Amino acid sequence: MAEQVEGSFTFTVLDERENLYFVKGDSPMCLYYYPRCGVYLYASTEAILNRALGRLNLPIGKPERIMLDCGDILKLTHSGRREMSSFDASSLMDPWGSFSMWPTPTRSRTRRHSVEQEYLEELKNVAACCGYSPASVDRLLESGFSTDEIEEFLYEGTMYQ
């Protein structure tokens, strides 16, 4: 399924056996494991996850960061065991296919721009759902805020128009 999805994504899927799958595309994701209590926590960015944890003030110890790359599939079994797999993510990395006449650095720069543009469009859509105009997002970007910081503002409800 992941090989046929277009755009940026990371999926989490819970199956009927209570196994949780992380299917990592090229969108951001941060996953922590807390060995002291056997808990996994995740969010789209590390900053958002850390801010939420700071507000919760849970006594759960120091986390282990689990890194996933584009194309990784992580299965967490109901007992907490980790199993890794992967899918072919080449379509996410090379939108022109193997017969492109463009040199690799140009392709990767263009793909990165495309992913960043998709993320910005998604961010503006989320902002609109929260009652903010796309122009508000543009003004924050022009003021020097990053897209990650704007996403945090939206989820916290502290974005100003």
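User: In this predicted model, how many of the residues of strand β6 (residues 72–76) are buried?

Analyst: Buried means under 20% relative accessible area. By that cut-off, 4 of the 5 residues of β6 are buried, and the strand is mostly covered.

User: Which strands pair with β6, and in what sense do they run?

Analyst: In a regular strand, side chains alternate between the two faces of the sheet. Here β6 pairs with strand β2 (residues 20–24) in the antiparallel sense, over 4 bridges. Strand β7 (residues 82–86) also runs antiparallel to β6, and 5 bridges join the two. Leu74 illustrates both pairings: Leu74 is the bridge partner of Phe22, and in β7 the bridge partner of Leu74 is Met84.

User: What lies between β6 and β7?

Analyst: The two strands form a hairpin with 5 residues between them. In the turn, Gly80 has a positive phi of about 100°.

User: Turning to helix α1 (residues 46–56), which of its residues are buried, and why do they line one face?

Analyst: The buried residues of α1 are Ile48, Leu49 and Leu53. Seen down the helix axis, they fall within an arc of 130°, so they line one face of α1. The face turned away from this buried side carries Gly54 and Arg55, which are exposed.

User: What covers the buried residues of α1?

Analyst: The cover includes strands β3 (30–34) and β4 (39–43), together with helix α5 (147–156).

User: Which residue just after α1 takes a positive phi?

Analyst: That residue is Asn57, with a phi of about 50°.

Methods
Residues are numbered from 1 along each chain as its sequence is written. This is a predicted model: local features need pLDDT of at least 70, side-chain atom pairs count only at pLDDT 80 or more; totals for chains, interfaces and linings use all residues. Side-chain values use heavy atoms; hydrogens and water are left out. Buried means under 20% relative accessible area, exposed over 50%, partly exposed in between (1.4 Å probe, protein chains only). Two strands pair if DSSP finds at least two bridges between them. The arc is that of the directions from the helix axis to the C-beta atoms. Contact means heavy atoms within 4.5 Å.
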